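Open your viewer and get ready to click along. We will go from stop to stop, selecting a few residues each time.

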Amino acid sequence: MILKYCTKCRQPFIFCPDSLCPKCREKYNAGYNKHQRDMRADKFYHSKAWKDLSRAVLAKADYKCALCGGLAVEVHHIREIRTDWDKRLDPDNLMPLCTACHNRQRHRG
């Protein structure tokens, strides 16, 4: 079993392609969802359709970040779903990203 240390709480957890332990990830997601997402988007990101498609996008890219070539663990909407809801499940509107690149894409002005 391979252990990794959470970048937030520094507790060890079983390796997965994330920098946060499951407990810290849940807290982060809860805060993000509360402040950034509307209810329709929140429901969408928990849907089976999104989970299946995002897994397929990551697998097709061999878990390689489209921007830096690092380990992709997130799927980014090129055109945000709040501005173009119809493209939410369009594979051409998705790109696999590592957490750092996804954060940069999400927070660019």
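## Stop 1

Start by selecting D62, which is exposed, with a relative accessible area of 64%. Keep in mind as you look around that this is a predicted model. D62 sits in the loop between helix 3 (48-60) and strand 3, and the residue comes just after helix 3. Now check the backbone torsion: D62 is not a glycine, yet its phi is positive, about 55°. Most residues other than glycine have a negative phi.

Y63 is partly exposed, with a relative accessible area of 39%.

## Stop 2: down the axis of helix 3

Helix 3 has 13 residues and spans 18 Å from its first C-alpha to its last, close to the 18 Å expected at 1.5 Å a residue. Color the buried residues of this helix: W50, L53, S54, V57 and L58. Where do the buried residues of helix 3 fall when you look down its axis? They lie within an arc of 135°, so they line one face of the helix. An α-helix has 3.6 residues a turn, so residues three or four places apart point the same way.

## Stop 3: the nonpolar core

Show side chains for W50, V57, C65, V75, L94, L97 and C101. These have the most contacts inside the largest nonpolar core, which has 15 residues. Helix 2 (39-45), helix 3 and strand 4 each supply at least two residues of this core. Helix 3 gives the most, with four residues.

## Stop 4: a pair of cysteines

Stay with C101 and look at what surrounds this residue. Leaving aside residues up to four places away in sequence, C101 touches C65, L67 and C68. C101 is buried at a relative accessible area of 3%, and C98 is buried as well, at 11%.

Now draw a distance between the two sulfurs. From the side of C101, the closest cysteine sulfur is the one in C98. A search of the whole structure finds zero disulfides.

## Stop 5: the loop between strands 3 and 4

For the last stop, select N93, in the loop between strand 3 (74-77) and strand 4 (94-97). Is N93 buried or exposed? N93 counts as buried because its relative accessibility is 3%. Its side chain reaches the backbone nitrogen of R79 at 2.7 Å. Show its contacts too: not counting residues up to four places away in sequence, N93 touches H76, H77, I78, R79 and K87.

Finish with E80, found in the loop between strand 3 and strand 4. E80 and N93 are 13 residues apart along the chain, and their C-alpha atoms are separated by 8.9 Å. E80 counts as partly exposed, at 37% relative accessibility, and its side chain makes a polar contact with the side chain of R82 (2.6 Å).

Methods. Residues numbered from 1 in each chain as written. Predicted model: local features only at pLDDT ≥ 70, side-chain atom pairs only at ≥ 80, totals over all residues. Heavy atoms only, no water. Buried < 20%, exposed > 50% of the residue type's maximum accessible area, 1.4 Å probe, protein only. Polar contact = N/O pair within 3.5 Å; in protein donor to acceptor, adjacent residues only side chain to side chain. Contact = heavy atoms within 4.5 Å. Disulfide = S-S within 2.5 Å. Core = buried A, V, L, I, M, F, W, Y, C linked by side-chain atoms within 4.5 Å. Expected span 1.5 Å × (residues − 1). Arc of directions from axis to C-beta.
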